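Here is a short report on a ligand site and the metal ions beside it. Look at the structure first, then read on.

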Amino acid sequence: MQLQIHSDDWLSRACDAIVIPFGENWKSRPQTQSLDQATNGWFSRAMESGEISTKPNKVTLLIEPAGVPARLLVIVGTGSEPANPSQVFFRAAGSAMRALATKPRKSVRFVGFGSSPLEIRAAIAGAMVGSQGQDIYRTEKNTFPPDLIEWYGANDSQVWAGEVIGNAVNLARDLVNQPPNILYPESFASKAEQVAHEAGFSIEVWDKAKLEQEKCGALLGVARGSVRDPNLLILRYQGSSPDSQPLALVGKGVTFDSGGYSLKPTDGMLTMKCDMAGAATVLGIFQAASKLRVRRNLVGVIGLVENLVSGDAFKLGDVLRARSGKTIEIHNTDAEGRLVLADCLDVALQSNPSKMIDFATLTGACVVALGNDVAGLMSNHNSLQSEIQTFTEQCGEYTWPLPMHSFYNEQIAGKVADIKNVGEGRWGGAITAAKFLEEFVQSRPWAHLDIAGPAFLDAPKPWCDAGGSGFLIRSFAEWLLA
Ligand code: BES
Ligand code: MN
Ligand code: ZN
């Protein structure tokens, strides 16, 4: 798919489809005037009829309207004057593109999507997300990206930045959608190496021997059940002076989570290829940040393992020694993500980061608490927490804080070892998981994003196919860009 910028009269040349957003204020839009002129007033009459919805993300395809040089005129609704227009344009562009992507198209023209650079980037990223589906191994595809997108009403650098962000979101979506027999620690690592070389950041890959040498006993405990060796990736991007402290981004990369001996039932296990979404998020943010040349130093740490059962898998009652030296009693082998992250956070601390942020499909409890569309936000630092809540909301990727009172710590105190890997019973499971992670951040400003709900869509949205969603990459790319 190619993206081109145009500034000539958008009604002067032929194309397959012209896409325009219209909300309740459609009468005052300049595109309405142009269309009325071209169609002798037909457009306004059609809109007045009330048959074309201006409700958010409703898509109407009009076939060969006389006077319009396209086979299809596509109207996508944007609703009333929105509080966060960047979210509205992302979703509207995605919805229109997804409706068009049901068939192969040569050229699709987007007109009138957004005015601020943030809105334009969001719309372009939305169009790219809408054009990629989860049907990667289907012989008969049901999603066809168009050969060409023509963009009107934006300059070079805005369109390019939007494309970079859209590509990063689609990279993460593709990684999450890859089946677990294709995507496992080693294959994720080589994909990450390829991304690093193309985008221009550095990457270090720790193999099993190095992980043993580094005493990453918590991560290695989880990995023992699989014949596939674990990996830990360290990503480094330098966009600021070498002496300025980096921001650390840490990702859970469990390429498949069977639960281990605390085996998941079939229904819960079916989608557990998604358990590396945190790792994909970190890789996506690095790809975008590096291509956008953001003026920050970043360090990324990604822990890659498969959580399986075997004669040598870790067991209930085992005691693991984390890299930090803390000992951990295993009470449930399905609480594996926090074990992987424990060592990753400890590795991240070595780079002396100013802040640490981790991304993880960590708990079902977080989905129970907040549903599928909102990520849990848990932090030891109030201003970092409110900053994250604010900028993610602006992009329409919602995060919401959960409490972190110190009394939750009592629940993870160990009897044989320092701590245990689950709380007492199920209640507050997202928080006790976060409390476990907090044991490994040495009071560094830190935030934990539990993306178990929004990282993987069980059902499609109008603007995005089901499967991996690339959730939070856009927000963090925008935050780093600001
Ligand atoms: N990967 C799961 C969490 C998850 C659940 C992700 C649903 C995406 C969708 C995690 O490793 C897990 O199994 N957590 C357990 C923790 C429990 C054993 C304390 C859970 O949520 O049940
Ligand atoms: Mn698990
Ligand atoms: Zn898991």
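How many nonpolar, polar and charged residues does the shell around ligand 1 have? By class, there are 4 nonpolar, 4 polar and 7 charged residues. Here Ala, Val, Leu, Ile, Met, Phe, Trp, Tyr, Cys and Pro count as nonpolar, Asp, Glu, Lys and Arg as charged, and the others, Gly among them, as polar.

This is a predicted model, in which local features need pLDDT of at least 70, side-chain atom pairs count only at pLDDT 80 or more, and totals for chains, interfaces and linings use all residues. Residues are numbered from 1 along each chain as its sequence is written, chains are lettered from A and ligands numbered from 1 in the order in which they are written, and side-chain values use heavy atoms, with hydrogens and water left out.

**Ligand 1**

Ligand 1 is surrounded by 15 residues, each with a heavy atom within 4 Å of it. The closest are Lys 264, Asp 275, Asp 334, Glu 336 and Gly 364. The table lists polar contacts (pairs of N or O atoms within 3.5 Å).

| Residue | Part of residue | Ligand 1 atom | Distance |
|---|---|---|---|
| Lys 252 | side chain | oxygen | 3.2 Å |
| Asp 257 | side chain | oxygen | 2.9 Å |
| Thr 361 | backbone | nitrogen | 3.4 Å |

Taken alone, ligand 1 exposes 520 Å², and the protein buries 76% of that. These accessible areas come from the Shrake-Rupley method with a 1.4 Å probe.

**The metal ions**

Donors are N, O and S atoms within 2.8 Å of the metal (3.2 Å for Na, K and Ca); water is not among the atoms, so sites may look incomplete. The manganese ion (ligand 2) is coordinated by Asp 257 (OD), Asp 334 (O), Asp 334 (OD) and Glu 336 (OE), at 2.0 to 2.2 Å. Its donor residues follow the spacing D-x76-D-x1-E in sequence.

The zinc ion (ligand 3) has Lys 252 (NZ), Asp 257 (OD), Asp 275 (OD) and Glu 336 (OE) as protein donors, 2.0 to 2.4 Å from it. Asp 257 bridges the zinc ion (ligand 3) and the manganese ion (ligand 2), which lie 3.1 Å apart.

Key. Polar contact = N/O pair within 3.5 Å; in protein donor to acceptor, adjacent residues only side chain to side chain.
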